[in-house]
Amino acid sequence: MYRKRYSVVFIFLTLPLMGRADSNINISGQVIASPCVVDTGTVSKVVNLGEETKQNLINAGDGGVWSDFDLLVQSCPAGTSSVTAKFTGNADTQDPTAWKNSGTSNNVALRIASRDHATTYSVNSTMQVNVDSSTRSSTFPLSARMFTPQGNSTAGTFQSVMNVDFTYQ
């Protein structure tokens, strides 16, 4: 009997805590496009800038010959209208808009531009390209070259790394 009474008392004491309340639960989400496929030639792209003489990199802003290259994303699903590339990496200490040279040549950096050289891309900048509706791909036409931010380059090797992150809309 004691056990039963204890149960009744427990239920009785919790009744004021039980009640009815209306509540609204808001649930949200987002439908996004499936990713495109980054072309295998783009995944580990190597752009050869060739050789440049230090005599051509004496004055601040002097640069070598532009080397054209493409970044390609393909197999974009229907509904994907554009692809954005974000360029990242280590900025040059003399010119933070350029990429650092990790080779042995001093006072030389990497400059990236649009194919027509009208737009210069810097570290953390973006480029957006529409998806071609017939090929379901996007091509990023770019150019690269060595240049000297402050002049007086020294002979040595040139190596630089630019990372690219693609997002799809």
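User: Which residue forms a salt bridge with Asp70, and how far apart are the closest N and O atoms?
Analyst: Arg115 does, and the closest N and O atoms are 2.6 Å apart. A salt bridge here is a side-chain nitrogen of Lys or Arg within 4 Å of a carboxyl oxygen of Asp or Glu. Please note that this is a predicted model, in which local features need pLDDT of at least 70 and side-chain atom pairs count only at pLDDT 80 or more, while totals for chains, interfaces and linings use all residues. Residues are numbered from 1 along each chain as its sequence is written, and side-chain values use heavy atoms, with hydrogens and water left out.

User: Where do Arg115 and Asp70 lie?
Analyst: Arg115 lies in the loop between S5 and S6, and Asp70 is in strand S2, so the pair ties together parts 45 residues apart in sequence. Strands are DSSP runs of E with at least two residues, helices are runs of H or I with at least four, and both are numbered from the N terminus.

User: What other salt bridge does Arg115 form?
Analyst: Arg115 forms one with Asp68, where the closest N and O atoms are 3.7 Å apart. Asp68 is in strand S2 (residues 67-74) and Arg115 is in the loop between strand S5 (109-114) and strand S6 (120-121), so this pair ties together parts 47 residues apart in sequence. Asp68 counts as partly exposed at 49% relative accessibility.

User: How many salt bridges does the structure hold?
Analyst: The structure holds three. One of them joins Arg111 to Asp95, with the closest N and O atoms 3.1 Å apart.

User: Is Arg111 buried or exposed?
Analyst: Arg111 is buried, with a relative accessible area of 13%. Asp95 counts as buried too, at 15% relative accessibility.

User: Changing topic, how many helices and strands are there in the chain?
Analyst: The chain has two helices and nine strands. Along the sequence they follow the pattern α-β-α-β-β-β-β-β-β-β-β.

User: Which strands form an open sheet?
Analyst: Three strands do, in the order S7-S3-S9, with antiparallel pairing. Two strands pair if DSSP finds at least two bridges between them. Strand S7 (126-130) and strand S9 (162-168) are the edge strands, each pairing on one side only.

User: How many bridges join S3 to S7?
Analyst: Five bridges join strand S3 (residues 82-89) to S7. Across this pairing, Ala85 stands opposite Met127 in S7.

User: Now the rings. How many aromatic pairs does the structure hold?
Analyst: The structure holds two aromatic pairs. One of them is Phe140 with Phe166: the ring centres are 5.6 Å apart and the planes are at 50 degrees, so the pair is tilted. Rings of Phe, Tyr and Trp (its six-membered ring) pair if their centres lie within 6.5 Å; planes under 30 degrees apart count as stacked, over 60 as edge-to-face and the rest as tilted. Phe140 lies in strand S8 (residues 138-147) and Phe166 in strand S9, so the pair ties together parts 26 residues apart in sequence.

User: Is Phe140 buried or exposed?
Analyst: Phe140 is buried, with a relative accessible area of 0%. Phe166 is buried as well, at 15%.

User: What is Gln74 in contact with, leaving aside its neighbours within four places in sequence?
Analyst: Gln74 is in contact with Cys36, Val37, Asp39, Arg136 and Ser137. Contact means heavy atoms within 4.5 Å. Gln74 is found in strand S2 and is partly exposed at 27% relative accessibility. From C-alpha to C-alpha, Gln74 and Ser137 are 4.1 Å apart in space, although they are 63 residues apart in sequence.

User: And what share of the residues of the chain count as buried?
Analyst: Of the 169 residues, 31% count as buried. Among contacts in the chain with a separation of 6 or more, 81% come from residues 24 or more positions apart.

Technical notes
Buried means under 20% relative accessible area, exposed over 50%, partly exposed in between (1.4 Å probe, protein chains only).
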